[in-house]
Amino acid sequence: MNKRQKHFMKESKVERLFSALNVFLLLLLAAATLFPFLHVLAQSLSSETAVISGQVGLFPVDPQLGTYQYVMGNSQFTSSFRVSVIITVLGTLGAMVVTTFAAYTLSKPHLPGRNFFLVLFIFAMLFHGGIIPNYLLMRSLGLLDSIWVLILPALVNVFNLLIIKNFFEGTPESLEEAARIDGANTFSILFRIVLPISLPVLATISLFYAVAYWNDFFRAMIYISRPDLKPLQLYLYEIVTQTQRPLTDVPVDSAMNLTPAAVRSATIMATTFPILVVYPFLQKYFVKGIVVGSVKG
Amino acid sequence: MKRRLSLRTLLVVVLVMALSVVVHAQVVIRHMGNWDAFDPNSDIVAEAIEKVTGYQVEYSMLPVENMNEVLSLRVSNVGAYDSLKLNSQQYNMLTAQKALLPLDDLLEKYGQRILEVIKEETWEAAKVDGKIYGVPEVPPAPNVNHVILARKDILDELNLAVPETVDEFYDVLKTIRKEKNMLPLAMAQHNFALSVVTSGFGIYHAWMEVDGAITHQVEHPKMKEYVEFMAKLYEENLIDQDFPVNATQHVVEKFTSGRAAMIPFAWWQAPAVLAALEQNVPGSEWVVIPPLKDESGNRGIEVDGGILWFVGIPQGAKNVEDVVKWWNAKLELDNHKYIALGDEGVHYYEENGAYFPILPVFEDERNMANWYLTGVDQELYPTYWASRVRKNAHMSKVYDAMQELRQWGSVNPVAWAPALPTVSKYTQSLNLLTQDNLVNFIAGGDDVRNYGDFVDAWRASGGQESTVEVNNWYQSR
Amino acid sequence: MKQSKKRRTFKSGVLNYWQYYVLLFPALALILLFQYVPLYGLQIAFKDFNIFVGIKESPFVGFDHFRRVFNDAYFYKVLGNTLVISFYKLVFLFPLPVILAIQLNEVKNNLLRRSVQTVVYLPHFLSWVIVSGLFVSILGSDGIVNQILSPFMDRPIRFLMDRNWFRSVLVFTEGWKGVGWSAIVYLAAITGIDPQLYEAAIVDGANKFQRIWHITLPGISPTIILLLILNIGSLLEAGFQQILVMYNPMVYSVADIIGTYVYRVGLGQMNFSYGAAVGLFNSVVAFILIITGNQLAKRLAGRSIW
């Protein structure tokens with residue numbers, strides 16, 4: 001820390017200018033990306049009248065909390081929330097175990113058949129059988145209308161697997177070899193040496209999996225017909241899609257029950273917020289020095 | 001060994017018997033309908049239906065998108081569903097694949113009430129090759145749904161009368177732009193064929209009878225003129241310059257904030273839109289623009305007609321008799337009314353033969369009743385249904401004003417056609433093709449002189465086949 | 001020396017290989033079951049598939065669907081659009097997350113860095129429908145952008161309807177929506193760089209820019225190369241969801257891509273076979289691109305996926 005501060009003092013004028021410019025640009029970007037969120041948030045807290053007539057910018061107009069009461073009180077929302085939390089937690093845990101294991105194996109350059117397996121995974125990432133054979137498969141596995149259909153098929157994401165593998169390849173081989181000479185087996189090397197020094201990437205990929213599980217609605221749309229098993233994002237997707245349909249396509253009875261704009265905004269916020277807080281929580285694993293520190297210590 | 005075996009057999013026999021008794025006592029009907037924004041198993045209407053029919057029902061829904069694909073996948077899973085509520089495209093698709101059970105005998109035996117309350121002509125229209133595969137449900141009323149709503153206070157201020165002809169309509173828009181410098185007519189991309197305006201060119205709905213044959217509006221001799229007229233409006237900045245990208249939300253925003261003088265309007269938009277207008281523009285008034293007259297003084301506007309839903313049984317369903325009994329029970333006089341309206345004095349009250357909702361109970365407990373219907377009493381249901389419109393004062397008022405246009409009402413001739421597989425196959429993609437091209441012509445992306453090329457493309461993309469199919473039916477009617 | 005070390009690792013590894021395969025097994029089994037088993041469905045690209053008849057019983061039509069695709073002059077138009085849009089996005093958007101991650105890494109204040117990091121990733125969570133609705137308002141003829149520009153312009157710019165503007169809007173909105181999200185993986189990679197390297201460089205008198213150039217960038221280059229290869233593999237996608245909700249008939253000539261075209265043509269027709277044929281074409285191209293990308297990376301940068 002001391003050393004760092006000393007060097008900070010030594011920074012040249014150009015470097016300080018750069019730092020200032022850097023912060024300025026980042027704040028500008030942050031403002032541009034924050035704007036739409038604040039807008040939707042403000043809408044969710046405003047009256048329907050203000051929302052549909054476009055009066056709401058970044059601050060609520062005629063503030064109210066009724067929309068949130070309505071959204072949270074909806075039985076479909078509460079059951080969907082439960083489903084989403086379950087699949088996200090189970091899915092992320094399972095996916096991390098399965099993916100990390102495979103990535104570790106595939107990060108070993110001399111493993112016989114390594115390239116074959118890698119190409120096998122990449123091929124699987126690019127070629128898809130389509131809705132019908134997938135549906136028939138889920139049916140024959142008895143997975144239709146079960147939360148497992150939302151978890152199992154997504155446990156291995158090849159993209160995520162390659163990123164972890166990539167990271168493992170960068171970890172110093174010497175640490176592993178030392179442990180191996182001490183008689184440690186592959187599993188204990190993975191758990192006691194490789195994983196602790198890979199926390200940043202593990203945090204990142206956990207986030208990717210959690211967000212993917214939380215946001216996936218397509219599987220549920222196809223495989224789930226029981227309303228009480230619908231995840232939250234499907235519920236949101238339906239509400240948003242419903243209002244996008246041209247008026248001429250909607251039967252009168254459904255048209256009379258279109259979700260009000262302010263409620264829609266509240267639903268967006270309520271379905272998005274739980275997953276947004278995951279990242280700030282994971283950021284503590286992004287702190288520099290944890291890597292070498294943990295190994296040395 | 002032997003004894004143990006026989007004991008086991010006995011045990012199995014007893015178990016099976018016990019089980020069959022239990023299963024028989026608890027027939028659970030699995031009913032699937034199209035998507036709507038609620039959970040049909042937890043809604044109170046489900047309870048009400050179970051109470052009056054005695055049947056236990058497990059409801060499920062098709063997804064909001066890819067519904068036809070998912071429907072075919074689910075129906076191909078034989079025995080998974082007992083009762084289906086289908087739109088006409090889905091009905092066509094499943095009957096063409098012989099995936100539905102013929103119902104004639106079942107209805108004769110267990111569905112007397114159903115046969116009674118649905119009109120003969122409706123049954124006829126539901127038949128495929130002379131057989132009934134679905135109980136037809138007609139729209140709740142011959143409603144006029146789409147018009148143009150204008151700010152009456154602005155028309156009055158500028159001494160403008162409600163336009164009756166295409167020329168008057170043009171003058172009104174022109175004057176509003178000139179005098180008020182406001183957007184005369186806001187619109188979205190799917191408003192490319194404004195029925196109020198097409199009426200001025202003799203076109204009332206997608207399919208029109210012209211000289212004894214059925215012609216799609218795309219091929220209607222006057223359609224090109226309509227497009228030219230709209231292109232002129234766009235060119236002269238009399239309609240929304242952003243209309244090719246606008247969604248409904250943007251249009252509503254312009255009207256309710258007082259920036260636009262007219263919008264394409266459906267009566268169910270009234271609660272939100274008119275409340276917002278009232279609040280943002282105090283003293284504003286509205287008026288419905290009636291369909292415009294053509295050169296010979298004729299006019300027309302589409303009213304709901306034909307069959308909206310078909311309720312059928314998939315091949316291989318288990319409890320077919322119970323399903324028909326269940327449908328039948330729901331249509332018994334008292335049950336039908338109870339399911340649609342609830343209890344008198346609790347959910348609704350009656351005044352001069354009309355029904356009015358008691359709020360908020362009606363909204364909470366009968367709002368979704370329509371989703372559960374499996375056929376309606378064609379005489380009585382329209383009076384039940386009308387109560388829904390009266391949930392809201394704005395809606396009630398606009399609805400009544402719009403229904404005065406029924407005097408010019410006209411039903412799309414194809415609405416009453418039975419299964420037309422080619423038409424239903426191509427409808428969606430042809431509609432989109434039409435929207436894409438008309439938006440382009442109107443907004444100046446393409447010259448209207450190329451309209452003929454578009455018609456050729458439309459014909460080649462299934463329009464020709466569809467027209468032939470429609471006319472074969474029409475001539476053999 | 002190097003040779004003998006390699007042999008030693010190999011030899012000692014052999015004894016333990018079974019443990020590696022055990023670790024690989026669950027992922028492999030899942031992929032085989034959920035990805036490879038349904039691949040028999042690809043045959044519907046060569047059949048006149050009817051969902052009620054089933055995959056097996058549907059009549060075989062050979063390359064008919066592919067012929068329909070490749071005899072369609074418009075297909076080449078949308079193929080061209082797809083490649084151009086993807087190329088723009090790759091050139092302009094691929095470097096942005098790297099730059100953003102480096103920028104964030106240079107922020108000393110912890111709270112500020114974390115806050116910015118969190119805020120810039122927010123747009124990823126709004127669906128394209130919402131984002132599109134927002135930009136239609138912002139970029140409309142009376143939207144805020146045109147209001148600001150109005151003193152300098154005779155007519156409002158029709159950002160979303162003008163063929164000259166639309167692709168820029170696509171690239172911009174995608175960058176805005178995705179840059180924060182894509183930067184996360186680079187941030188993780190930067191965190192993985194050994195801090196001793198920086199300390200040594202400072203002692204050697206390297207300035208900030210030299211440190212970025214000589215330590216940070218090489219440190220994350222494996223990640224950059226991996227993502228570049230994977231990105232090249234998705235050249236034929238070009239952002240289907242985004243374009244489907246943002247485009248309009250006025251800009252089809254520059255914005256219609258393979259995905260949107262196939263979607264429109266097949267709408268409501270349940271023509272699974274045609275879609276499957278196009279999908280198979282896309283997959284084959286993607287596979288070839290990834291293999292090529294991998295070989296190029298191996299030759300040029302000495303790094304590759306396999």
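Student: Which strands form the open sheet of 5 strands in chain B, and in what order?

Tutor: Strands of a sheet pair through backbone hydrogen bonds, either parallel or antiparallel. Here the order is β2-β1-β3-β14-β6 of chain B, with mixed pairing. Because β2 (56-61) and β6 (135-137) of chain B stand at the edges with a single partner strand each, one side of each has no neighbour in the sheet. From one strand to the next, the twist averages 20°. This is a predicted model: local features need pLDDT of at least 70, side-chain atom pairs count only at pLDDT 80 or more, and totals for chains, interfaces and linings use all residues. Residues are numbered from 1 along each chain as its sequence is written, while chains are lettered from A and ligands numbered from 1 in the order in which they are written.

Student: What counts as a strand, and what counts as a pair?

Tutor: Helices (H or I, at least four residues) and strands (E, at least two) are DSSP runs, numbered from the N terminus. Two strands pair if DSSP finds at least two bridges between them. As a case, β1 (residues 28-33) and β3 (residues 83-87) of chain B run parallel and are joined by 2 bridges. Opposite B:Ser83 in β3(B) stands B:His31.

Student: Which helix lies across β1, β3, β6 and β14 of chain B?

Tutor: That is α14 (residues 320-331) of chain B, which runs at about 70° to β1(B). Axes are lines fitted to C-alpha atoms, for helices over the stretch in contact, and angles run from 0 to 180 degrees between N-to-C directions. Contact has its own cut-off: the C-beta atoms of two residues, placed from the backbone, lie within 7 Å.

Student: What is the order of the open sheet of 4 strands in chain B?

Tutor: β8-β11-β7-β12 of chain B, again with mixed pairing. The edge strands are β8 (183-185) and β12 (286-289) of chain B, each with a single partner strand, so one side of each lacks a neighbour in the sheet. Neighbouring strands are turned by 30° against each other on average, direction ignored. Over 2 bridges, β8(B) pairs in the parallel sense with β11 (residues 260-266) of chain B, where B:Met262 is the bridge partner of B:Leu185.

Student: How many residues of chain A are in contact with chain C?

Tutor: Chain A has 75 residues in contact with 74 residues of chain C. Helix α2 (residues 13-44) of chain A gives the most to its side, with 15 residues.
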